Every structure is written in structure tokens, then in C-alpha cells.
Amino acid sequence: MISQRNLTVTLYVIVACLLETSALWTQRLEVRHYDVRHGLIHGEVAFIHQDKKGYIWLGTRDGLSRFDGYNFTSYGIPDGLKNLKMTSVAEDQQGHLWVGTYGGGIARLVDDAGGAPLMLQDRSAAKEQKKFISYSIGESTESNQVRAIVFDKANKHWCMTEAGVFRSIDTPSKATPNNELRFEMVLPAKNKGTTMTALADRQGQVWLAMDKEVMLMTQRQPVRLGAGDEVGQDEIIGLAQDREGRLFAANRRGVYELLAPTGDWSRGQWKKLPLSLAPDQLIYSITASPYGALWIGAKGLIMYKAGRQTVYKSKQGIRDIPVLALCEDREGNLWLGTGGGGATRIAGDVIVGVAEVKGLPDQNVTCVLEDREGRFYASTASKGVVEISGGRAMPIPGSQGPSMTNIRKRIFQDRRGNWWVGTDNGLFRFRGPRLQFIDGDKFTAADGISESAIIDGPGIFENPSGKIWIISNDKTLYRFDPDRKNRPFFDAMALPKRASVAGIIGGFCDRSGMVWLNTYDGLWRLVNGKLIRLPSSAERPEAPGRSIYQDRRGWLWISHGDKGVSMTNEPNSEYPKFVNYSIQNGLGNHAVRAIAEDDLGQIFLGTDNGLEQIDPISTTIYHLSIKSKLANLKVNHCLKDRRGSLWVATTDGLFVYAPRKERRESQPPIYISRIQVANRELPLPETGARQITDLTLPNANHNIQIQYVGVSFRREGKLRYQTKLEGADGDWRPPGELRWANYRGLAPGSYRFLVRAVAADGEISEEPAVVSFQVQPPIWKEWWVLTLAGLALVAFLNGSYRVRVKRIVAMERVRQQIATDLHDEIGSGLSQVAILCEVAKREVTPAVATVFDEVAELARSMRDSMSDIVWAVDPRKDRLTDLIQRMRQAAYNLLESEGLKLEFNAPEDDEIERIGLVPDRRRQVLLIFKEAITNIARHSKAKHARVGILVKGGALDLIIWDDGCGFDTRGRYEGHGLQSLKNRATALKGNLDIVSAPGQGTLVRCKLPLDVSL
């Protein structure tokens, strides 16, 4: 007989199983449609492809379109295509885009500058350049009716045509300028008009599907799959490979997975996926998402993930028309090509986005769990525990009792499948594997544990060996050994007084078996049976920990109630170092209460204001813009399920979110799309360029306009742009929506134009697009003009110098000749006059003899004066050393002959060797000196005289002193000697001072500059 208790459990299990088979709950999608009204060339889209730069290419039956998020650019016959019906697309290993056409063979996009890369050309010439180069596969019409193209690991084309399968003999790099690319037939076609599709897998192997058969192309012969299997009962329309390397094939009636071969059968076999299709529902396309889902195009859209199927139709904005093509871009957006309705984009952040669990008895969800069989449960704040199935919550019988309504996070399933539940009245254990609150046991003091409340932190966790740890409000840490057969089952460990007084928040056991405790007094670890407090550090804030999580790398993350989150990659170190994330370094909210990790290793933080995401490698923080009220709710708990979805328990409900990794490469790339100078354009690559260098603009007309575009479909229409012109701007300009920049009247010089895209959430292009250019100077500032002018100036100066040198040399020769002539002719003549006078006076009377004496004296005086003139004119005496030597000679000859004792002080020759003086300047200095010593000899009646010469600071300081009778400098004298001294000094731009008094000798000081031209 079945007890009432067991009957309740049985009925609950039956209802739960029925709910599990229901469809998933309806999800709201953000959908946008594109057709000919938006610029798409035709409404029937046969393929969609995202190239390496991020552009979306759409092949239609009337040409090819490229979409950059703003506009469609279309290509047809004038652009080099030989046929307008597009059938397939592929990129080779060099990143060149190839399209297959039905009747025109294949064509390659010419995505380069098309000639001299930096030569401006007329706009009409730019339009005439072909955008595609077409290649014929064979001579027959059928051989150029291409149905599919792929590239193998050797970078060779595989083309499926109505005539059969062809493989290129040459690689794309061997294509000749005259459009020759050689092909060989690999397989002939059986029938014209059969379905064809192709796939190059991750290993570079080529898979082909023709009609009802799949073939793996090998070097020997194709391995044929499908003819005898269920997959071959209908024509095969698509092939796909998921992130785990599994191969899928779709025919019109189902999708099949290729299982690895077993035993002697080396071909493998197909397993049909459990899809639920309507009797008249046909499949048209298939693709595998990087995030683990299969997308299936029918009349509507089907997502198959982890054994579950979700159907999207008109209620979610998907038109009820055949989906002929599928493509998921790098940002997670799903693109649908339809049979007449154009293209549809489904926003990536809500594709499997945020779904809300319905029917919760209490919207304040404190914890969410997944059991070992994939069932989901949620604990509420005041209405017990519910099981989630089909998007709805079903209360679990027994959890609404007075002792179970406040479980919160005190619930845990061990490795044996049993459930541990902590309450305010002690610890319970219920039999698993499905969670139920009917068949269970309560532990008491007899089992070694008190009946005090279990803490909610959580306070129940398991170590790697299977032992269960319990933290009770009686300030004790308990350990349960499941292998112990006799009571007591628990071992007790009293908590340290410091920790127990401060209060325990929760516990955690890492993969190494170390137990961690969060307390209001800090972080504690159980080391060798003893709880030790972790030393505080500058990186880890002194704040109570709310949650501890260990990621796939073994890194430990500790959240804080009001100080962000801390991470250490050395949790077992004695003194682990932490990295802290808070609002100071980019976290959007500092109150972190929950931590989870997705399949791609991204860390999600549940805060008081929604979710934050951290890339642990780049340490980049992203603020998730989830388009639901989840973005603003207080998060209590997070869980990543085995399918990769993130369950988020909040104070206002339970939500399921399919996280996308915010890759750095998904930051909006930006390209220079057009450069125009006056009416001339730079021939850029068809899809734009990231960097353009060495552009030269003429000075006559150097107004330049630069157009650019950021490629992003997740942020479509929301991008803004920042620009900076290095050489003119000091910093980035404020973001704006303009996609062009115009510069007029730039000064000659070098410039770098930089532009970057800024998304609505603040993300910036990782690398800006750059245009480096130079504005040429006017003709008279050109380098070659300046060089010629410089050379002419150098030649002129050199010629002038040579002329001056010649003149100086000629003048030196004249001076030397004059000195020689004066000395030889006039000097010798005056000497003869003096001698003749001496001879003649012997023959005359005394009176006449006196006249002859005067004549002889005058001749000797004139000879001495002429000697000074000769010395001044002689170019060999142009140094200061020669002047001092002449002065010394004159002083000794004149003063010592008068019986005076002379002291002559002058610099050494090596000190003044390089100082030169012009002739007239030498002569004037010498005359000043001779006038002074002559006055001493004639009038001073001195016994001692002193001459001092100093050269300092570019000046000559001449000092002449005697101890003679002196004179009154204020008196008037008939002679002109003193006035002559002053006049000569003034003419030399110098100063002359005479200090004397009767009976006190005389001091003459003359200070003359050496570098002043007369």
C-alpha cells in the first residue's frame, strides 16, 4: 500500500516530468529587417558572410551587396561580375573574398588600391576601375554555373558546379593578370539541378554534399557517407561544424550528427537529432554558433542546444518565410537571409537572451541550483523552493512549511545526489537525486551537531574527498564523514574567539581541499586543522566577504559587500597577492554579492545594479547593456548551467541569460573609406584601409576630406567618432556622429589624422585608423629650391671670400713693398743727408756749422719717425707681440740713455701670440707710448720709471709711471703733448687718465679696446 507521503512525491515527480517536455518559454527578440527599401539589391538572399574586416556580404539573385552598418554597397556587371545570380562565398587563406555565380564562374574582390597607392586620380577614373576579377572554371556553360566554393588547407579552390566538382591546380596567388586560373575536374555531376553544398572543416578537410550523399574528399578517393543512412533519404541542403568539432548535416526533413567510427566500419554513422518538426515543415539552411547552439533555417528559425529545441516565429518577429541563409557575426548577432523578404538581423545580446521565469511564489529569489541530472531549482526569500521547468516555477511540496520557508542559500546537493538543507532549526538531509522535502532526516545532538541555525553564506559545502562541512550559529564548524557508519557522524571544531565574535558570513572549499571562511573580521583558512586569519594587504580591502568562487584556472575570487571584488591567482600561497576591482578602476557598482563564470572563462559579477563582466586576461571590465529590467536589479546569486547559460537570481525574479564573450576584437573596427583632395580621389581598397601613409598634397590646392566608417552591428546607429589631427590638434575632439572630416588651408608640414569609434557603452576602437600626409610648401619653400638658393649663396660667399682674400694678399704685398721702399730709399737717403751735413760742417764757419747740425738732427729725427711708419706698414708686424717688442725697445733706448732706471712688465709672448692689430691701430698705440716716455725723458727729471702692460677682457691696459718732479694737471701749458695723448686715445675708443702733482711724479694710464674697428 502506498503511503500518503510517497504518493505526494510520486505525483510531484509526474507533474515535473510533464513540465520538462513542454517548450521553452517565449523569448523577446530584438529584430531588424533589411530589404530593397534600405538599399539591399534584391529580396532573395542566398548567402550571408562576414569577412575578416567585419563587413556583412549578402548574395542575391540580382547581384552582391555589402553592408557596413549604415549603407548597402551593391556590385553588378559593371563592377566585373559575369553573372548577377550569387550562389556562394568563401575567403582564401590570404583573406581575399571570392564569390560563386550561377553562370559567370567565380570572382575575386579587388580589395587593394588598384595601382600606385598614393597617387590622386580623377573621380571618373576611380569609377572605371573594376571591383571584381572573374575567372572561368571550364569551357562549358554548366562548368561556370557554380553552386558552392570552399578552400582546402593547401589554399586551393573546390568549386561545385552543374558540370561537377572542380579543384584548382593553382592557388589564388598564382592567378595571372589575364584572368587565367586553371582547374581540373574531380567528380562529374550525376544530374543537373541537384542540391549542392560544401564545408571546409577546422583541419582544412573538404566535405561536399551532392543530392543525398556526403563526401569527405581525400587525396585517394572520396569517402562517401549518407547513401545508406537516414540522412540520405532526402536531399542534403547544408553542412555545419560546431566549436567542439562535431559535424552536422541537414536534409529537408532533419538534422544529423556524424558519430565517430567504431569497430571496422571506418566511415562513421549519422545520428538524427530529436527535433520536433511539423509534417509540412522543411529545412533550408543550418549553421553552428560559436556559443554551442545549432541554428536551423526553416519557415521561421529553430535553435537547438543541449538537447533542447526553441522555435522562433512571428511572435518573436521572425517572418514566416523560408530562411535560405544563416550567419552569426563576431558580435553574436544572427543574420537570416530569406526567400523574398530580404535579410533579418537578430541582436546578439538577446538571441537566447534574457528570459524570465514565470509563476514564482516570491519574486525575491535568493539562490538557484542545477542538480546532477540537469534540473533547476530556485530558493525564495519567504515562499520556499521551486523547480523550474518550461520557463515556469512549480513549488516543491514540503518546502512551504514553517521550518523550510526561509532556506535562502542553505541548500546543497552532494556528489551522492542527496540534498542538504539548513534551516533556523538545524540541519536536514533529503534523499535525491530529485529535490524533495518529504523523505528526509533531521540531525540532532546525537549525531554530533547542534540544532542551532545554519548560517546563510552558504554554510554548507563539500570538499574534494566528499566530506560535508557545516557552519552553525553556535560558533562551531562541523564536518560530516559519509563513510562513518556509527554515531556521532559529525566532528566539531570551535571557531576562534576573534572570528566567532565578529560573526561568520559563509564558507567555501577550493579544489585543493582548503577550507575558507568569510567573517566580519576578515578571511580565514583551515591549515593543518587550525583556522588561521589571512593577513590583510593593500590590494584586498578590509571589508566582509560575501561570496567566494574558484574559476577554471584555479584563481580565487572574493566579493565584498561594498568594496568590489578581489582576485588571487595563488590561493595556496602563505601570503597570496590580490588584485582588486572596484569603482575606482572601472567597476560599475561596488556592491558585489555573487560571482559566476561562463564557458569562455569570463567572470560575471552580480551587483546591486545588475551584472558586470571581467575579462581575467586583459582585466577589462564591461558594463552589460542587457535590454531588460535585469540591468537595474539587485542580484542575489548567479549560476552557470551545463549548457552555458547564466541564471541570475534577483530581488525581482529569476532570469536566464546567454552570455556572449565581449571580445576585444568585437570592439568596433574603423576604416578610412574615402579620401578626396579637390576633385581628385585616392584609390583606396574597396573595403577601406586602417593605415595610409606617405600621402603628399600640393600647396596650390590642399583641402582634404577624409571619410571613415566604424563596422559594428551590435551598436548599429549608435557609434560616435573621435578625431585628432596631430600637427594641428592638441587632443582628441569630443565624440560626434559625423563620418567625415574636412581640413582647409593647412600650413605646410607633416600631419597624422587619427579617428576612432566610440560605442554607446563607452568602448573605443582598439586601434584608430590613421592617415599620414604632408602638405607641400610653396615653390619657393621647396627643398630643391632652397637647396639651389643655398648653393648659390655658398657660391657667392665663396667667390666674395676669394676676392677679399686676393685683395688682402695684394694689399699685403703693397704694404710690404712700401715698407721696403721707405726703408731702402728714403731711409738711406735721410742717413746720407745726416752724414753729408756732418762732413760739410767741417768746411764752414761756426754759424753755418750750426745750421748743418740742425739739418742733421732733423734728418735723424725724420729717419726715426719714418722707421715707425715702416714698422706700422710692414704686414709682418701685425701681432700684439710685435707692438710690445717695439715699445720695449723704444723705452730702453730713450730712457736708459738719459740715465733712468726702467722696469718694463708685459705678458709672455705665448699668451698674446694670436692677438693681431691693424697697422694704423698699432701705430697710434705706439705713438701714445712714445709720447709718454718722451715726456719722462725731457721734463720729469726722474730717476725711475715703470711700464706695465696688461691684456684682459679684450682690452689693452697701458700704465706708465715715473718718480719725477710732476706737474699740476689743472694748469695750462704751451706744448701739445698732453692733448695729443688724449686725442689719440679718444680716436682709439679708449680712456686716458693722467695722475700727477708737483713733486709727486706722474702716472699715465690708457685703456684701449682691442676689438674695435676704426
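Predicted model: local features only at pLDDT ≥ 70, side-chain atom pairs only at ≥ 80, totals over all residues.
Although aspartate 414 is buried, it has no salt bridge. The side chain of aspartate 414 does make a polar contact, at 2.9 Å, with the side chain of tryptophan 420. Leaving aside residues up to four places away in sequence, aspartate 414 touches Arg372, Trp420, Glu462 and Ile468.

Turning to the aromatic residues, the structure holds 29 aromatic pairs. One of them joins phenylalanine 443 and phenylalanine 490, whose ring centres are 5.2 Å apart and whose planes stand at 80 degrees, so the pair is edge-to-face. Phenylalanine 443 lies in the loop between strand S38 (440–442) and strand S39 (460–462), while phenylalanine 490 belongs to strand S42 (residues 490–494); the pair therefore ties together parts that are 47 residues apart in sequence. Both phenylalanine 443 and phenylalanine 490 are buried. Elsewhere, Tyr34, Phe67, Phe72, Trp335 and Phe713 form one aromatic cluster.

Aromatic rings also meet charged groups here. The charged end of arginine 66 sits over the ring of tyrosine 55, at 4.8 Å from the ring centre. Likewise, arginine 756 has its charged end over the ring of tryptophan 732, 4.0 Å from the centre of that ring.

Key: Residues numbered from 1 in each chain as written. Heavy atoms only, no water. Buried < 20%, exposed > 50% of the residue type's maximum accessible area, 1.4 Å probe, protein only. Lys, Arg positive; Asp, Glu negative; His and termini not counted. Salt bridge = Lys/Arg side-chain N within 4 Å of Asp/Glu carboxyl O. Polar contact = N/O pair within 3.5 Å; in protein donor to acceptor, adjacent residues only side chain to side chain. Contact = heavy atoms within 4.5 Å. Phe/Tyr/Trp six-rings, centres within 6.5 Å; stacked < 30°, edge-to-face > 60°. Helix = DSSP H or I, 4+ residues; strand = E, 2+ residues; numbered from the N terminus. Lys NZ or Arg CZ within 6 Å of the ring centre and 35° of its normal.
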